[in-house]
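Here are my notes on this structure, written as numbered points. Keep the picture open beside you and trace each element as we reach it.

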Amino acid sequence: MALMRIGVVGYGMGGRIFHAPFIQAADGLELAGIVTRSATRRAEAAADLPGVPVFDSLTALLDSGVDAVTITTPPETRRELVLEAARRGVAIVADKPFAPSAQDARDLVAEVERLGSPLSVFHNRRWDTDIRTLKAVLDGGAVGTPWRVESRFDLDEPGTLDPGPSGGLLRDLGTHLADQLLWLFGPVRQVYAHLDWVDLPEGRTDAGFSVVLRHASGVSSTMRASKVNHVVARELRVYGSAGSYESRMSDVQAQAVFAGRRPADEGDRWGYEQRERWGVLRTADGDSEVPSQRGAYQDFYAAFARAVAGNGPMPVTGEDAVRLLEVLDAARTSALEGRAVDL
């Protein structure tokens, strides 16, 4: 079967760290081009990806004959680029946040569907090592019926906070944490949120959050994150009718790529946590270590290629992105108005 030729539009941290290395490691795909106008980014792409052409525009990339594109430019540019690709009939991966609001997302999904292009949204952290391990624990049934879930992700990265009213941490890390919880525990019926605010030159910006989600399944989940409080932590806890599970695994794949490792070089060895950071399952039978499952963002791209070829579902749909943004919109309303918001 011929490889799907895909180009990446944007070569900032997203394109360079979270897209290009995983496209190169994914079955069924060929990285066929990068779009960036920045001289610095062009030099980085030439060094990172020898032989991969670099283009000045999405139009030039599309003219080269690609089958699919990943749009990973700043969020305010995303809609027009997605629509340009859709008008040309290529398959599309749109980075997160997919749109500024759930209504904007609905409108964009409807227009892409009208134009007939396949669309997926890059909620890649469903393929995190700790989340894949948690899913295996839940599927195994050892904690019984899940009651309550806590997800915490703190980073000491004030310089990477997207500033201004259209940015903020809720639309950044909040997208990932909420998507993980929706994927694992199902639709949300009520949201209650607190946001931490900072005043920046670009405008008031949320720099941290604590959000409680009440799922239709009966599970209550809480997601928390910060970027400006000089603390680094990743924790998952699940309390259920038969026990509990606690994880403090690291951000395995991102740390590996930042350290210069690449999934294409490591194959099946990629994406496992070291044993000293394995999670612990606690039940009436005692405590037991839970071996790391494999995290692999390239599995998103392999599933995307199969779906476009007609051999399976999209790994993340436009409708998934709409439902996620409904939750984030409700969280923002809850924080601003000081009340729980029903969905």
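1. Which strands does helix H11 lie across, and at about what angle does it run to S8? Helix H11 (residues 318-337) lies across S8, S9, S10 and S15, and its direction makes about 65 degrees with S8. Helices (H or I, at least four residues) and strands (E, at least two) are DSSP runs, numbered from the N terminus. Axes are lines fitted to C-alpha atoms, for helices over the stretch in contact, and angles run from 0 to 180 degrees between N-to-C directions.

2. A word on the source. This is a predicted model, where local features need pLDDT of at least 70 and side-chain atom pairs count only at pLDDT 80 or more, while totals for chains, interfaces and linings use all residues. Residues are numbered from 1 along each chain as its sequence is written, and side-chain values use heavy atoms, with hydrogens and water left out.

3. Nine strands make up an open sheet with mixed pairing, in the order S14-S13-S12-S11-S7-S10-S9-S8-S15. Two strands pair if DSSP finds at least two bridges between them. The edge strands, each pairing on one side only, are S14 (286-290) and S15 (341-342). Helix H7 (residues 173-185) also packs on this sheet, touching S7 (146-154), S8 (188-200), S9 (203-215), S10 (220-226) and S11. The direction of H7 makes about 160 degrees with that of S10. Contact here means heavy atoms within 4.5 Å.

4. S11 (residues 233-240) and S12 (residues 243-247) run antiparallel and are joined by five bridges; Val238 stands opposite Tyr245 in S12. S13 (residues 279-283) pairs with S14 over five bridges, also in the antiparallel sense. Gly279 faces Val290 in S14, and a hairpin joins S13 to S14 through two residues.

5. There is another open sheet to find. Six strands in the order S3-S2-S1-S4-S5-S6 form it, with parallel pairing. S3 (54-55) and S6 (119-121) are its edge strands. Within it, S4 (residues 68-71) and S5 (residues 91-94) run parallel, with four bridges between them, and Ala68 stands opposite Ala91 in S5.

6. How do H5 and H11 meet? Two packed helices are described by the angle between their axes and the distance between the axes. The axes of H5 (residues 102-115) and H11 come within 8 Å and cross at roughly 170 degrees. The two helices are therefore roughly antiparallel to each other (angles under 35 degrees count as roughly parallel, over 145 as roughly antiparallel, 65 to 115 as roughly perpendicular and the rest as oblique). Residues of H5 in this contact include Ala102, Arg106 and Val109, and those of H11 include Glu319, Val322 and Leu325. The contact residues divide into five nonpolar, one polar and five charged. Ala, Val, Leu, Ile, Met, Phe, Trp, Tyr, Cys and Pro count as nonpolar, Asp, Glu, Lys and Arg as charged, and the others, Gly among them, as polar.

7. Next, the pockets. On a 1 Å grid over the protein atoms alone, a pocket is an open set of points where a 1.4 Å probe fits, with protein on both sides within 12 Å along at least five of seven lines; lining residues have an atom within 4 Å of a point. Grid points are joined across faces, edges and corners, and a volume is the space filled by probe spheres set on the points. The largest pocket has a volume of about 1,100 Å³. Of its 43 lining residues, Met13, Phe18, Lys96, Asp172 and Lys227 are the closest to its centre. H1 gives the largest share of the lining, five residues.

8. The second largest pocket holds about 360 Å³ of space. Among the 18 residues lining this pocket, Pro75, Glu76, Pro97, Pro100 and Ser166 are the closest to its centre.

9. Finally, two backbone details. The peptide bond from Lys96 to Pro97 is cis, with omega near -10 degrees, and Pro97 sits in the loop between S5 and H5. His230, in the loop between S10 and S11, has a positive phi of about 60 degrees although it is not a glycine.
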